[in-house]
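Visitor: I would like to learn how to read a protein model. Please take me through one.

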Amino acid sequence: MTTAVAAPAHTMTVAAGDSAADPEMGGLSGLVLQLIDALGEWGVALMLFVETVFPPIPSEVILPLAGFLAGAGRMNLVLVLLLATLGSYLGALVLYWLGAVIGFERTTRWLGKLPLVDEDDFRKAADWFHRHGKSAVFFGRFVPIVRSLISLPAGADRMHLGTFSVFTIIASGIWNSALVLLGAAFGTQYDKVEQYTEWIDRVLYVAIAVVVVTFVVRRVRRVRRVRAERNQRTEHGAVAARGRRRAEPAGD
């Protein structure tokens, strides 16, 4: 069997005897696929590093597509697994350091200003950490949102760096391997992938729409909540001021 993958359009050809098929991956999944292919194994590490702090493209998209390319022979599977885990760990280490050196509250305010990042997500990760202790760093790697942000409260609470590193590397390795190997399984049968491309794109578009709409709704609710709390404090202050004036003795 002879396998070839054309880089620009990622047209994949499988020749076996006299039969040939030329499926082509387009749409959003095709664009992400081209980006990963262009960046290579170290690009996967970079994308996982960035995704840990600011998730423009979640690992659930990056890793299966990287595995797909590895299964198709475009990338080294073992190197993808190792570098993906390295990227995840280094990104987690950055958040750990920010929590330990700068503090949870200040870091949360800074990162909360990034697009599609909400301060409430950091507080949920902190609640998870405080409820479950050190084990949250391991098991939290398998929970959406918490997976990326659990490192910040761990650093703020000065969790032992060695324990943090071991839990992070093992859990990230398991998570990354599952997604990469899933994509690699499809990569070995890429002649059948074209029929699923449209559905893959639909899932990606829906996921992006859900993320954006959820972010906007949560941000609007938070603004309204802050405004209501401010008005409530103002009203309480006015009531207290009127009470003080009534309590003051009348002048001569």
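Visitor: What share of the residues in the protein chain is buried?

Guide: Buried means under 20% relative accessible area, exposed over 50%, and partly exposed in between, with a 1.4 Å probe and protein chains only. Buried residues make up 41% of the 252 residues here. This is a predicted model: local features need pLDDT of at least 70, side-chain atom pairs count only at pLDDT 80 or more, and totals for chains, interfaces and linings use all residues. Residues are numbered from 1 along each chain as its sequence is written, and side-chain values use heavy atoms, with hydrogens and water left out.

Visitor: How many helices and strands are there in the protein chain?

Guide: Helices (H or I, at least four residues) and strands (E, at least two) are DSSP runs, numbered from the N terminus. The protein chain has ten helices and three strands. From the N terminus on, the order is β-β-β-α-α-α-α-α-α-α-α-α-α.

Visitor: Which residues have the most contacts inside the largest nonpolar core?

Guide: A nonpolar core is a set of buried Ala, Val, Leu, Ile, Met, Phe, Trp, Tyr and Cys residues joined through side-chain atoms within 4.5 Å. The largest one has 21 residues, and those with the most contacts inside it are I36, V44, L48, L63, L65 and M75. Two or more residues each come from α1 (27–53), α2 (59–71), α3 (77–101) and α9 (161–187). The most come from α2, which gives eight. A second, separate core has eleven residues, including A136, V137, A154 and M159.

Visitor: At what angle do α4 and α5 pack?

Guide: Axes are lines fitted to C-alpha atoms, for helices over the stretch in contact, and angles run from 0 to 180 degrees between N-to-C directions. Helix α4 (residues 104–111) and helix α5 (residues 119–132) pack at about 145°, with axes 8 Å apart. Contact means heavy atoms within 4.5 Å. From α4 the contact takes F104, E105, T108, R109 and L111, and from α5 E119, F122, R123 and A126.

Visitor: Which residues of α4 are buried?

Guide: The buried residues in α4 are F104, T107, T108 and L111. Seen down the axis of α4, they fall within an arc of 100° (taken from the directions from the helix axis to the C-beta atoms), so they line one face of the helix. An α-helix has 3.6 residues a turn, so residues three or four places apart point the same way.

Visitor: Where is R158 found?

Guide: R158 lies in the loop between α8 (151–156) and α9. R158 has a positive phi of about 55°, although it is not a glycine. R158 is exposed, with a relative accessible area of 59%.
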